[in-house]
Structure formats: structure tokens, C-alpha cells
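Biologist: I'm new to this one and would like to learn how to read it. Could you walk me through it, feature by feature?

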Amino acid sequence: MTGTVHIIGAGLAGLSTALNLLDQGVQVRVYEGSGQAGGRCRSYHDSRLDRTIDNGNHLVLSGNTSVKAYRGLAQADPDTMVTAPEATFPFVDLQTDERWTVRMNDGPIPWWPLVKNRRPAGVGLGSMIRAGRILTAGRSDTITDVCGSSGKVRDRFWEPMAMAVVNLPPQRASAQVMRATALEAWRDGRLARPMFAPRGLGAALVDPALTKLEASGCPVQFGQVLRSVDQRDGRITTLRFAKEDVPIGEGDRVVLAVPAHRLAGILPDIDVPTETSSILNAHFLLSDPTILEGKPPLLGVVGSLTQWFFLKGDIVSLTISAAEYVEGSDAQEDALLERLWAETVSALDLPAGAAFSAARLVREKRATFLQTPENIAKRPAQVTRLTNLFLAGDYVDTGLPATIESAVRSGERAARLAA
């Protein structure tokens, strides 16, 4: 194509759009309203911890083909994302102190639920077979509608999976997007291996893309807040930023890769899911990091406030997804940190005198859009009624939950449409 593609938003969806267009030889301009790229997936230096931390804990899986392609386009250092050798997920129940590991087998036939020591402790074979009903989920189904609302299979499988993948408890979470995850990852252990970013998500996903854009002569223009757009004859003609107006030529295209609530303010005639669900993260800097030796880098927890632990050097990071649905997560900071540290000591089986030297709570109030069946139905297509405008973001209709993979894949598709 001739002309320029103007990309508004330098989160992963916008960066993915830009990298894919550059790979096709298309000229791009990228605008970002804030002072940093990455959106809800970025790293920053925390003064209290004196460490670089991620603003949220995100799990990438080996079957996330779009993320892998994105890192290739960005020429990311392979060492910034490390794949686990197996699809294994250790768990602990803090109420009973039971421990188990979910072990997904490699190969095209997922037989792991049939083996007792590969599935969650106390979950029978019949319950795991019935869990396969997720593959029949319709657009209006929640996970509990399809798979049941009681028993250990709910507490030890569907609850942690729904919170991690859909950022909602199973009684509210769309079964259809969970079905998409099952089809893309759970069907083969080779696709479900956790991928960790030892130097942070910024180094793994954001910084390489910015470097690539800079080297290509189209660095991200920060501090560019889009206020409105002008339209004429079914196309966008002007982008009106707070600092300047940018005319859109006949051969130009526009990709809006902004959050759903921002899109609703710019183009209110496009129906988008604007309700959101939060995630609470806690980060503890350990006084003696050697006590983490031999501990798994990822640990799932039930019977607690905490749902997942991520171990990163001398930092232990905790995640509470859909925090507004988790009783006790709204406690005052000091009391909440005290409780979360007690859960940390218990879950990781740390010495009784284990201590942390600093801690930080981070609440991401708009972590994802509210992924109920009703809101999934509101996900917009990436093609719009305006012939030169396309959408990107984890909330558009990719068929996937609102994950890193969904955001990056939306950028791939937006690039194909715009080119």
C-alpha cells in the first residue's frame, strides 16, 4: 500500500501492529498518550523495592504463537524469555496443606486428566472427564453453567484457571473464551509450558519493539493524547491530539489500539465492553533470597487470598485476580501485606523467621474488560464502518481471553487489514 498507517496506542496491540506493518514495508507513525509504552504490560523501577518490577504478573505459554512471532519481529534477546522444560503447574491448598502438581503430557492426545498423579489432588476421573464439557460451551454460558458449581474440581481446577485466564470467578466467567484457551494450549503439553521473563516484561516484550521502531526511523511519539477524530465520507480525515492536529491523507490508514474506555470516548457509536475487572499484585523483597533456592518459579494456591506466586530473583510476587470478588483483598495496606506475607511463608514453606525488607502493593483497576458472556458478545470487530479505521486491543473479537496473546494477535490482524 501507499501512504502511512497511523497507530494510536503503544501497548502490546499497537506495538504488534507497528512491527507487523514494518515487516511488510509499510510506513508507520505510532502515538502514545502516556510517557511510556507497554500499557498494562510493562516494567518500571520501584523506588521502595529498588528493583525493576512488572506492573502485573502475566503468564505466557509456549503455544502463544503470536507472542513468539512478535518477539521475532522485534529481534528480542532469546534470554529475556525462558520456556519451562515441561507443562507442570505445582499447587498448594493452604487450608489443608495438601500439595500436588498438574502435569500436562506432550503430544496431540491430552491423556493427562486420566492419571491420578497428574490431575489436582482429590479430583476424580469422572470430574475431569466432565470438565471436557468446556469444549461444548456456547456464547451465553459461564464456566459453571457448563462444568458445574461445586466440588474439588471447581475449587482446585476451574476456580484457579478461571481467575488466571479470564480474570473472573467461574460463575461469572465466559466459558467460550476458556474453551479457546483449552483448544490452543491445554490440548498438548508442548503448547502449555510456562514462559518466564527473568528480566521483566519490559525487557522481553516492550524494549525490543521500541528499539526496532527507533532503528526503523519511526520512534513512538509519547505524550500524544488523542482527543477526537474528524470524519467525512465514511473515513477519518483528521486526528485531533491535545498538542496538534494530524491530517489523514487519501492513502493513509488509522489503527486505534487504545483501551476500550478510551475508544468509547473517541468513537461513542462503537459498542465496546467498558466494564472492567481488577488485579491486585504484591511484591516482597526478601532479606535473604537464598531461602528461595529449590522453590518453583510458579506456584498456584487455593484456600487463600493469594492465587499465584511468581519467584523472580530476590522478589516474590503474588497475584490476586478479580480482586473485587475476593473477600479480604480490600483491607488496608499494612494489614493486607501482613496477611499476604503469612501466606507466602506457608505456601513456599519458608523458615519461620523469614523476613522481607520492603513490600509494594499494586492495584491494576482496569486489568481486563469484564469477560462475562454478555460482555464477550460486545467485543467489536477490527473492521469498522469507517473505511480507513481498524481496531486493535485485547478487548476486540480475537476469540481469545484478554491476554497478552490476544493483544498481540489483534495487532497482527490489524496490520493485515490496514495493509
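This is a predicted model: local features need pLDDT of at least 70, side-chain atom pairs count only at pLDDT 80 or more; totals for chains, interfaces and linings use all residues.

Biologist: Where does Asp50 sit?

Modeller: Asp50 is in the loop that links E3 and E4. Those two strands make a hairpin, with four residues between them. Strand E3 covers residues 43-46 and strand E4 covers residues 51-54, and they pair in the antiparallel sense over four bridges. Within that pairing, Asp46 stands opposite Arg51 in E4.

Biologist: Is Asn167 buried or exposed?

Modeller: The cut-off for buried is under 20% relative accessible area. Asn167 comes in at 3% relative accessibility, so it counts as buried. You'll find Asn167 in the loop between helix H5 (152-165) and helix H6 (175-186).

Biologist: Let me try one more loop residue. What does Thr372 touch?

Modeller: Leaving aside residues up to four places away in sequence, Thr372 touches Leu168, Arg172 and Ser174. Thr372 belongs to the loop between strand E19 (356-369) and helix H10 (373-376). Its relative accessible area is 2%, so Thr372 is buried.

Biologist: Now the helices. How do I describe two that pack together?

Modeller: Two packed helices are described by the angle between their axes and the distance between the axes. Here, take helix H1 (residues 12-23) and helix H7 (residues 201-215): their axes come within 10 Å and cross at roughly 40 degrees. That angle is why H1 is called oblique to H7. The crossing of H1 past H7 is left-handed.

Biologist: Which residues of H1 and H7 meet?

Modeller: From H1 come Leu12, Leu15, Ala18, Leu19 and Leu22, and they meet Leu205, Val206, Ala209, Leu210, Lys212 and Leu213 in H7. Sorted by type, the residues of this contact of H1 with H7 are 10 nonpolar, no polar and one charged.

Biologist: What else does H1 lie across?

Modeller: H1 lies across strand E1 (4-8), E2 and strand E14 (253-256), and runs at about 165 degrees to E1.

Biologist: That takes me to sheets. What should I know about side chains in a strand?

Modeller: In a regular strand the side chains alternate between the two faces of the sheet. For a sheet in this model, read off the strand order: E10-E2-E1-E14-E20 is an open sheet of five strands with parallel pairing. Strand E10 (221-222) and strand E20 (389-391) are its edge strands, each pairing on one side only.

Biologist: How many bridges join E2 to E10?

Modeller: Two bridges join strand E2 (residues 27-32) to E10, and these strands run parallel. Glu32 has Phe222 in E10 as its bridge partner.

Biologist: Which strands form the antiparallel open sheet?

Modeller: Three strands form that open sheet, in the order E5-E9-E6, with antiparallel pairing. The edges are strand E5 (60-61) and strand E6 (82-83), each pairing on one side only. E5 is joined to strand E9 (residues 194-196) by two bridges, running antiparallel. There, Leu61 stands opposite Pro194 in E9.

Key
Residues are numbered from 1 along each chain as its sequence is written. Side-chain values use heavy atoms; hydrogens and water are left out. Axes are lines fitted to C-alpha atoms, for helices over the stretch in contact, and angles run from 0 to 180 degrees between N-to-C directions. Angles under 35 degrees count as roughly parallel, over 145 as roughly antiparallel, 65 to 115 as roughly perpendicular and the rest as oblique. A crossing is left-handed if the near helix is turned anticlockwise from the far one by less than a right angle, and right-handed if clockwise. Contact means heavy atoms within 4.5 Å. Ala, Val, Leu, Ile, Met, Phe, Trp, Tyr, Cys and Pro count as nonpolar, Asp, Glu, Lys and Arg as charged, and the others, Gly among them, as polar. Two strands pair if DSSP finds at least two bridges between them. Buried means under 20% relative accessible area, exposed over 50%, partly exposed in between (1.4 Å probe, protein chains only).
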